[in-house]
Amino acid sequence: MKPVAIFRHFPIEGPGYLAPFLDSHSIPYQLVKIDSNEALPAHAGYFSGLVFMGGPMSVNDDLPWIAPALALIQQAVRDDIPVLGHCLGGQLMSKALGGVVSRSPISEIGWGEVSVADSSIACNWLGELSNFEAFHWHGEGFTAPEGATLLLSSPYCENQAFAMDMHLALQCHVEMTEEMVKVWCKAGAEEITNNPGPSVQSTEAIQTNLAERVSALNQVACRLYERWISGLMNKTTE
């Protein structure tokens, strides 16, 4: 089986829970460290799937790797290679597929409930789940491109996830581990202080009941990832 490519754009925003999930399913993966100036591959066909992680930059920034990343996503979608995006990664998918990424009215940082859309496609990805507590850390948001189906919404961000066939774009973070949350709180303490509001939690509030919250989030991530890797499995049996 070809490996899954995981693109990391910032050192502390790695694959998180996704890595042990793939290991537990014997799915090989290759971490591409964009933050260490590793080059994006020339062709999506080298991989069974593409995963784009988060980062503090904007997809609208003039960075040398953004245009190649958008082209790689377009190529993968055209060739039926499953794509998965987390936060910045979901925004890259939106922009690549014709959506719009723009500054949100307010930042969303910390734990917050998201609602699952009432549709057969949402049910296909999340079963009978109607809502759950997700982790958030974003100041921009995306629109769902034409042909995509909205899966998740929150009171402060209407577009929290969309699916397009085998492809999944997430605005919220489902990949979090306890260690990642702690590291992000330490690194982002100043950002939290500078962005007060109803959708921004303190570092103390974010880390309250952390083990239980992360465990519940991992269960949701497992559902989404199980559905996503089914596209990889189907691909390998063609």
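**Group meeting: a walk through the model**

Let me start with one residue. H167 sits in strand β9, which covers residues 167-170. This is a predicted model, so keep that in mind throughout. Is H167 buried or exposed? It is buried, with a relative accessible area of 2%. What does H167 touch, leaving out residues up to four places away in sequence? The list is A76, V77, I81, P82, V83, M93, W125 and F162.

Now, the whole chain. The secondary structure comes to eight helices and nine strands. The radius of gyration is 16 Å, close to the 18 Å from the globule rule for 238 residues, so the chain is as compact as a globular protein of that length. Along the principal axes, the C-alpha trace spans about 50 × 40 × 35 Å.

How much is buried? Of the 238 residues, 54% are buried. The accessible surface is about 10,300 Å². Carbon and sulfur atoms hold 50% of that surface.

Next, contacts along the sequence.

Charges, briefly. The chain has 12 positive and 26 negative charges. Their mean positions are 5 Å apart.

On to the inside. In soluble globular proteins, nonpolar side chains tend to be buried together. Here, the largest nonpolar core has 47 residues. Which of them touch the most other members? They are F132, F135, L152, V181, I206 and W228. Helix α8, residues 210-236, gives the most to this core, with 10 residues.

Leaving out residues up to four places away in sequence, L152 touches V114, S115, V116, L126, F132, E158, N159, Q160, A161, L170 and C172.

Now look at F142. F142 lies in strand β6, residues 131-142. This phenylalanine is buried, at 3% relative accessible area. Again leaving out residues up to four places away in sequence, its contacts are G90, Q91, S94, V100, V101, N159, Q160, A161, F162, A169, L170 and Q171. Pick G90 from that list. F142 and G90 are 52 residues apart along the chain, yet their C-alpha atoms are separated by 7.8 Å.

Last topic: backbone angles. Most residues other than glycine have a negative phi.

Take D80. Its phi is near 60°, a positive value in a residue other than glycine. Where is D80 found? D80 is in the loop between α2 (66-78) and β4 (83-86). The relative accessible area of D80 is 41%, so this residue counts as partly exposed.

Then N209. Phi of N209 is near 50°, also positive in a residue other than glycine. N209 lies in the loop between α7 (203-206) and α8. N209 counts as exposed, because its relative accessibility is 51% and the cut-off is over 50%.

To recap the residues. H167 is buried, and F142 is buried. D80 is partly exposed, while N209 is exposed. That is my tour.

Key:
Residues numbered from 1 in each chain as written. Predicted model: local features only at pLDDT ≥ 70, side-chain atom pairs only at ≥ 80, totals over all residues. Heavy atoms only, no water. Core = buried A, V, L, I, M, F, W, Y, C linked by side-chain atoms within 4.5 Å. Buried < 20%, exposed > 50% of the residue type's maximum accessible area, 1.4 Å probe, protein only. Helix = DSSP H or I, 4+ residues; strand = E, 2+ residues; numbered from the N terminus. Contact = heavy atoms within 4.5 Å. Rg over C-alpha atoms; globule rule 2.2 N^0.38 Å. Areas by Shrake-Rupley, 256 points an atom, 1.4 Å probe, with all protein chains shown as cover. Lys, Arg positive; Asp, Glu negative; His and termini not counted. Charge placed at Lys NZ, Arg CZ, Asp CG, Glu CD.
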